[in-house]
Amino acid sequence: MTDLIDQLNIRAARITRKIASLGVLLMLAIVLLTAADVLLRWLASASVPGVNEIIQLCMAVAITATFPAGVTSRANLTIDILQRKVTEKFHKNCSAFGSLCLLLLFGFLAVRVGVHAQHLSERNAISLFLEIPQAPFIFTVAALLSITTLAQFVVFLQDMKNALANYRELSDKGLILVAVFSLLAAAVLVSILGYMTEYFVPTALDYAGIWVGILFILLWIMALGFVPIAAATGLTGLLGTAVFLGNGPALSVLGSEAAEYLGNVQLAVLPLFLMMGGFAAQAGLASDIYKLAHTLFAKFRGGLAMATIGGCAGFGALTGSSIATAATIGQVALPEMRQRGYSAGLAAGCVAAGGTLGQLVPPSTAIILYAILTEQSIGQLFIAAIIPALLAIIAYMVTIRTVVGFAPDSAPSNNEKTSLKEVLQAAKGALGVLVLFGLVIGGLYGGIFTATESAAVGAGGAFVFALLRGKLKGDAFWEVMAKTTAMTAMIFLLIIGAVNFSFFVAISGLPELVTGFVQNLDVAPLLIIALFLVIYILLGSVMDPFPILIITVPIVAPVIADMGYSLIWWGIIMVCVVETGMITPPFGINVFVLKNIAGGDVPMHTVFKGVLPFVLADLIKLALLVLFPALVLWLPSTM
Amino acid sequence: MIKQILPSVVLWFLAVGGVCAETLNFASPGAPRASMHSQVFEPWIDQIVAESEGTLNIRTFYASPLGNYNNMYDRVLDGVVDIAFATMAPIGGMFVQTDVASLPFETRSALEGSIALWNLYEKGVITHEFDDIKLLGLFLFPNSALHMSDRSIRSLEDFRGAKIRTAGKLQSDTLALLGGSPVTAGASEIYQGLSRGVFDGTIIPWTGIAPFKLEEVTQYHLNAPLGSSIAMVFMNKDSFEDLPTVAQQAIERNSGRSLTERLGRHSDQDAAAIEQRTRQIEGQIIEELDPEEATRWRTELQPVIDSWVANTPNGARILSAFREEIQQLRSTEP
């Protein structure tokens, strides 16, 4: 009986995994359908009519199906910069509170998406081309969200158990009582809040500045207090919208925005690119490309470090995540470099810096998120990122040369010679990567594919590689899928929180306020850009790229656009600058990842010292991109 | 923080004691600089606010963060937005009878179509489709024309093998009957699709050419009445009923037929201006559909009309009522 909660957890994990598997199979089906559409268009110059609509409705269901497994595996993004500053007891209390917040958000979502589906069914809403009734799909989404709420309740129980263990021993039954009681208390609190907001609605606009201030403080308290970012932004957005428009409209926005973004065709590229990265790693494409880079750069001093940068860039082209790139390439490259006598600083520094190429080389999840927040074209942003990415690669290689020049003992001097034959052999081994990259980016640039299609082709291609290489035997397939579902759930939850938060920001009039303020400043636009960049580097050194984008883009993007700058250009600048933050002390995440791989014998400050030259290179690259926007904008203009 | 909240709370209590103006949100998903905003909506809103004798404030949201073409109808129903401009097509399954005005070869101008449609609404023919909202204005965009990148279309035969982007089921069916291959794409994807040759042309009214810069990627234009898209300005029912009488009267006085005419006239003028501007660009070829060819097209398109009549409750009656209204308008024209 004492293991009741443990049992619940095990059972929840088992059930949610099954649901996620169904979702993943549906995604694979979408991949095949999209690929078929592309093929048909190419061969017969005909297309499956309204294929978008099928993708839209099925994707909403498939993505939501990953949510329950996402919450049971605790795939949440939380700002943990204060973790080492607080006691473990306090942290556990906060975690339990964060769990409760997430539970509330899911509860609201489940109910409101259900209400939204009800509305759709009442007015017989149908899709434009195929005239498919929409309501059944959205009802399914609502049902899956209800299951997610239940799963989150189990997570909440576990967190309560952890938190209460600091105070007294409670039986699991007692715990459940306490949990239900605190849930009721939260419900009462929410009702009181809801009751209060109705009073503020008529005058909220007159005190917009004050309200925005209060809600931003609330957001930061929650975010720094270990509440998952999705819950912090989602609930703050809900409350803020309620203050300005009333409870009914705020809740309706929550439900309909969630339903809309889950079924957003543009966003469908996200899980597909995640899938591509997962299969590519599983197929061993990472070490293929590293080998190729190695043969190419072996003759230079510090060649292995350069090969690492090349490997990161290549793998970045298959995945949209900088942590995944740093971790995947780091596992191959770091031991190799250490074994051959590279200094710990240079070895770890170049992997950490190279990792940021994962986000800059398209496809990139941060760029997709930015595109959604600013309604820019994902395809154009991807193409715009190519030259800056090349620039970053060159800058990193020059950095390595310089470091090796100044500190000769940081890299071994015994250069290896590689024959052309070896290079060709390695290139043959890495053919898979080259073909995949050519298909995805070439197809996008050449106009053969849309972003969604290139993602589907990439995911399908990586799947075939993994399959042919026999890397998907046994549980391997499901492991890749579990990783994909966890990431998908995490990012889409972030997006649901983010769109609700930016809805509140938009109606509060804050962007106009900031824009007006900046206009009144009467200083050169370039100075304002510089100011923003400094703020972003500071933010980036303490926070993840995603929350930074989510919180700041709705406010900053209108200012940038108002000054006459291109939002495509700004998107690339943003991604560069927050990625620099990933390797900037004191809290660069990539550095922590590296520290984990490197193990105990490399102290933290060595890693940071090693990464510092690369930060400098990043800053020079950034200055170039800001001063010469054509570096970003020229390539997409030729599409 | 309390110091910050306190004054707002105190002031709120003070404010409730006095008379305070009701603030309504007006939202349009159109681009901020759209001429419809500055030339129709803004004067219209100013007029209403002025006539409301201080009881009304209207806050405008363009390219609206409050909603897009797909969800604007729901946003108004749910009270997120009080007054909105929206097109009917994305509200799938709701305005099937009103759709009569979107059929090809039925109207010559946005103005006559708009007035005819408003008459149907006023006479109770299609009124029940608007039961959930307070309708303030109902209008058509001008007829869609054919805009091709590198081949001209003058006759039915020219459609063979032409991939043309369409915006909905009705347009797709229309194009398929004429002999082309319809391709589906959102309005924001037209430019890229045309420049990369994903499709050879698009069906879109002239009013859609300028906002998407399509004159840069098209060269051959054919004015043929290939059907219109319908739009409306509408309001949340409760928001309207909660207003003081002065404000209600101010809105009613400026809406309905007068707003409908204003919008219809504006969209005709807008289309004509854009067509004129395009004509002056070198290399642009703008042609009218040959009358004989028009008869052939009409015959080919009869199935579209038939299937609309068959699938719409009271379809036959509504179509003939609409045609009568149009005839009436044309006969009274000077």
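Q: How many of the 334 residues in chain B are buried, as a percentage?
A: Buried means under 20% relative accessible area; exposed is over 50%, and partly exposed lies in between (1.4 Å probe, protein chains only). In chain B, 53% of the 334 residues are buried. This is a predicted model, where local features need pLDDT of at least 70, side-chain atom pairs need pLDDT 80 or more, totals for chains, interfaces and linings use all residues, and side-chain values use heavy atoms without hydrogens or water. Residues are numbered from 1 along each chain as its sequence is written, with chains lettered from A and ligands numbered from 1 in the order written.

Q: What secondary structure does chain B have?
A: Helices (H or I, at least four residues) and strands (E, at least two) are DSSP runs, numbered from the N terminus. Chain B has 11 helices and 11 strands.

Q: Why is chain B called as compact as a globular protein of its length?
A: Compare its radius of gyration, taken over C-alpha atoms, with the globule rule: 2.2 Å times the number of residues to the power 0.38. For chain B the radius is 22 Å, close to the 20 Å that the rule gives for 334 residues, so the chain is as compact as a globular protein of that length. Along the principal axes, its C-alpha atoms fill a box of roughly 75 × 45 × 35 Å.

Q: Which parts of chain A does Arg469(A) link with Asp288(A)?
A: These two side chains form a salt bridge at 2.8 Å, N to O. Arg469(A) sits in the loop between α21 (451–468) and α22 (476–508), while Asp288(A) is in helix α11 (residues 285–297); they are distant parts of the chain, 181 residues apart. Arg469(A) is partly exposed because its relative accessible area is 32%. Asp288(A), at 13%, is buried.

Q: Where does Arg257(B) find its partner, Glu122(B)?
A: The two meet in a salt bridge of 2.8 Å, N to O. Arg257(B) is in helix α9 (residues 257–279) and Glu122(B) in helix α4 (residues 110–122), 135 residues apart in chain B. Both count as partly exposed: Arg257(B) at 30%, Glu122(B) at 49%.

Q: Which residues share salt-bridge partners in one network?
A: Asp6(A), Lys161(A) and Asp172(A) do. Asp172(A) lies in helix α6 (residues 172–204) and Lys161(A) in helix α5 (residues 135–164), so the pair ties together parts 11 residues apart in sequence. Asp172(A) is buried at 3%. Lys161(A) is partly exposed at 22%.

Q: Which residues make the nonpolar surface patch?
A: Patch residues have over 30% relative accessible area and no salt bridge; nonpolar side chains (Val, Leu, Ile, Met, Phe, Trp, Tyr) are joined within 5 Å, like charges within 9 Å. Areas come from the Shrake-Rupley method with a 1.4 Å probe, and only the protein chains shown count as cover. Leu526(A), Ile620(A), Leu624(A), Leu627(A) and Phe628(A) make a patch of about 470 Å². Helix α28 (residues 604–627) gives the most, with three residues. Phe628(A) is in the loop between α28 and α29 (630–637). At 47%, Phe628(A) is partly exposed.

Q: Which residues gather in the patch of negative charge?
A: Asp and Glu count as negative, Lys and Arg as positive; His and chain ends are not counted. Each charge is placed at NZ of Lys, CZ of Arg, CG of Asp or CD of Glu. Glu22(B), Asp238(B), Glu241(B) and Asp242(B) form this surface patch. Glu241(B) belongs to helix α7 (residues 237–241). At 53%, Glu241(B) is exposed.

Note on methods
Salt bridge = Lys/Arg side-chain N within 4 Å of Asp/Glu carboxyl O.
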